[in-house]
Amino acid sequence: MSNLLVVPFLLPMVVGAVLIFFAKHHRLQRIIAGLTGIALFVFSIYLTYRVYQSPEQMIHLEVGDWRAPFGIVLVGDMLSILMVLMASFVGLVCLFYGFKTIHIERERYYFYSFFFFLLTGVNGAFLTGDLFNLFVFFEVTLISSYVLISHGGKKFQLRESFKYVVMNMVASAFFLVAVAYLYAITGTLNMADLGDRVAMLDQQGIINVIAIIFLFVFGAKGALFPLYYWLPKSYYGPPAVITALFGALLTKVGLYSLIRTFTLIFNQNPAFTHTIILVLAGATMIFGVLGALSKFDIKSIIIYQIISQVGFMIMGLGVFSADAIAGSIYYITHDMVVKVALFFIAGIIIQLTGTADIRKMGGLLKKYPLLGWSFFIAAMSLVGIPPLSGFFGKFSLIVSSVGEGQYVIVGVALVVSLLNLFSMLRIFMNVFWGEETDITFALSNEQVNGLLRTVIPLIAVTIALGLGAEPAFQYVSAAADQLMNPTHYIDVILP
Amino acid sequence: MKNNVSLHTMTRIAVFIILSFAIYLLLAGHNNPGGGFIGALMTASAVVLLYISFDLKTIKNVLEFYFPYFIGTGLIIAIGTGISSMIFGYPFLTQFFTHAHLPILGDVELTTALVFDIGVYIVVVGVTLLIITTIAEDDV
């Protein structure tokens with residue numbers, strides 16, 4: 001038993017509730033929010049250390065003193081705690097970028113409250129060991145995201161967020177149906193118990209159907225092919241900080257749930273389920289990058305890059321070996337950092353030039369070298385150029401896929417990487433190289449540098465993850481081993 | 001506004017019946033059908049009945065509440081009961097109960113779950129009335 005596990009979602013929840021009272025005092029709000037963000041991040045580091053040092057490398061809590069499988073358990077294993085750590089880090093950085101960019105009117109209308117409620121949902125979804133509780137935390141996340149995405153309400157934003165709401169409502173309804181089906185068959189909602197019982201039932205027929213419904217649900221939330229169509233436009237509406245937060249956290253919650261359910265529960269018939277995942281991974285990569293290539297709008301390109309990268313993150317699950325899943329986990333970690341950095345930089349560029357069309361920009365490198373090179377590093381890391389973090393993620397994914405004999409996906413991944421490189425370099429060449437255009441810059445040098453201060457930590461982390469790939473891989477390999485041996489998880493939760 | 005005597009008279013009586021039933025449901029909760037959520041919906045329905053039969057402005061003068069604060073207060077109460085069990089070294093949200101003998105009511109079961117339910121009650125009252133009044137104020 002360890003009550004520490006509730007803190008990552010309890011702290012933001014309490015603070016979110018307290019901030020409702022201070023909605024009109026924006027300075028006080030910022031101070032409370034900033035301190036909470038820092039506290040949450042520091043605490044997640046400590047919690048990660050605790051989990052890593054514990055004998056089972058996993059800690060759990062039976063909420064309300066109800067024994068598993070009857071009550072709800074919270075489980076911090078190595079994967080979930082890593083996700084919590086990254087979410088807290090991303091949340092902290094987004095908060096500080098938000099201080100500089102979020103309009104005061106948004107702050108007065110509960111921006112920070114919903115920001116913290118979103119973190120509550122995300123951290124809770126990572127930590128829960130109960131399928132229905134996962135649904136509840138998904139809803140907490142989604143309801144906060146509905147508010148954040150329509151916050152500030154321009155016409156375009158409202159129209160697109162309506163689609164977002166409808167799509168997610170449909171997916172949530174299916175989530176509930178799938179949970180009910182699974183409960184009807186197995187009589188339990190505890191994930192460890194489910195893993196045990198599905199293994200006993202020998203995953204056939206109806207359980208495969210349920211697995212596919214779950215794949216549909218998490219695929220819709222995680223933006224897999226062909227369910228990503230809601231994403232590009234609805235993410236385009238809100239300001240950069242919210243898009244960054246969504247791109248880094250929301251799709252990752254879907255992917256995390258996919259990895260969790262398809263390693264712990266639906267792991268008996270990988271020839272069927274995981275082959276489908278692999279095909280979807282390939283298709284997601286291709287269509288994401290094609291979308292990115294078709295656009296000239298910097299924010300749209302990076303939004304389509306979210307989709308393309310989702311393919312890589314799910315590829316390891318499709319290959320379904322310990323090394324491949326380790327690659328996936330590493331890739332998710334890397335992508336959270338880089339995606340936020342890219343959205344921040346895109347936000348700065350759009351604010352600076354007043355346009356999002358890369359054809360209208362040019363020659364920014366001469367005036368803003370730091371901005372340019374930050375973008376360059378983030379973009380190269382996304383594409384996978386050594387020694388940055390993206391390279392090691394792709395490297396391990398591709399090596400493990402070759403080891404499993406999955407040559408088609410390797411070919412797809414390599415071609416897509418090349419196209420990724422092309423699409424990112426196209427931004428760099430259009431925006432930073434070339435002749436200076438007659439754009440008047442809306443921000444002063446100090447303002448640009450102030451905004452860049454939140455990007456620098458992200459750039460530093462992507463470099464550190466790349467240079468420190470050896471220890472990082474020790475961690476993610478251990479996490480992947482845990483996922484590939486679900487009996488360990490089941491034994492810890494149900495002794 | 002027209003003075004609709006029968007509607008006003010009926011509302012005055014009905015609101016009290018609904019409200020007392022709402023309180024009953026709140027207290028009956030967690031061992032019997034009822035609870036904070038359903039009690040709050042019933043309370044909100046009583047208030048909505050007031051809004052409909054009288055007038056949004058009239059009732060707003062009588063009930064001068066700022067509903068977002070309800071949400072915050074309720075959330076803090078509900079989370080607080082969960083945290084209070086952590087302070088005593090039990091897992092989060094562990095509930096405790098005791099039987100007390102009160103003068104008129106007799107044997108009464110006092111639980112921490114009731115406090116949690118009251119928190120839920122306040123949140124749900126706040127949310128429902130906030131939504132309804134916001135839509136009602138939206139003159140087209």
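Which residues does A:I20 touch, not counting residues up to four places away in sequence?

1. A:I20 touches A:Y110 and A:S113 in its own chain and B:P68, B:Y69, B:I71 and B:G72 in chain B, residues up to four places away in sequence not being counted. Contact here means heavy atoms within 4.5 Å. The model is a predicted one, in which local features need pLDDT of at least 70 and side-chain atom pairs count only at pLDDT 80 or more, while totals for chains, interfaces and linings use all residues. Residues are numbered from 1 along each chain as its sequence is written, chains are lettered from A and ligands numbered from 1 in the order in which they are written, and side-chain values use heavy atoms, with hydrogens and water left out.

2. A:I20 belongs to helix α1 (residues 7–21) of chain A. Helices (H or I, at least four residues) and strands (E, at least two) are DSSP runs, numbered from the N terminus. The relative accessible area of A:I20 is 7%, so this residue is buried; buried means under 20%, exposed over 50%, and partly exposed in between, with a 1.4 Å probe and protein chains only. A:S113 is 93 residues from A:I20 in sequence, yet their C-alpha atoms are 6.3 Å apart.

3. On the interface as a whole, 17 residues of chain B are in contact with 18 residues of chain A. About 1500 Å² is buried between the two chains, and carbon and sulfur atoms give 78% of that area. Buried area is the accessible area (1.4 Å probe) that two parts lose on being put together, summed over both. B:I79, B:P91 and B:F92 supply 34% of what chain B buries against chain A, more than any other three residues.

4. Zero salt bridges are counted between chain B and chain A, a salt bridge being a side-chain nitrogen of Lys or Arg within 4 Å of a carboxyl oxygen of Asp or Glu. Four residue pairs, both at pLDDT 80 or more, are in polar contact between these chains. A polar contact is a pair of N or O atoms within 3.5 Å; within protein, one must be able to donate a hydrogen and the other to accept it, and residues adjacent in sequence count only if both atoms are side-chain atoms.

5. B:D117 deserves a look. This residue lies in helix α5 (residues 112–137) of chain B. B:D117 is buried yet has no salt bridge, and the nearest side chain of opposite charge, A:R67, is 24 Å away. For charge, Lys and Arg count as positive and Asp and Glu as negative; His and the chain ends are not counted. Neighbours within four places in sequence aside, B:D117 is in contact with B:L26, B:G29, B:H30, B:G35 and B:G36.

6. Backbone geometry in chain A needs checking. Most residues other than glycine have a negative phi, and most peptide bonds are trans. The bond from A:A68 to A:P69 is cis, with omega near 0°, and A:P69 sits in the loop between β1 (58–62) and β2 (73–77). A:D65, in the loop between β1 and β2, is not a glycine but has a positive phi of about 65°; its relative accessibility is 43%, so A:D65 counts as partly exposed.

7. A:P226 is in the loop between α9 (205–222) and α10 (231–236). A:F320, also not a glycine, has a positive phi of about 60° and lies in the loop between α13 (298–319) and α14 (322–353). At 16% relative accessibility, A:F320 counts as buried.
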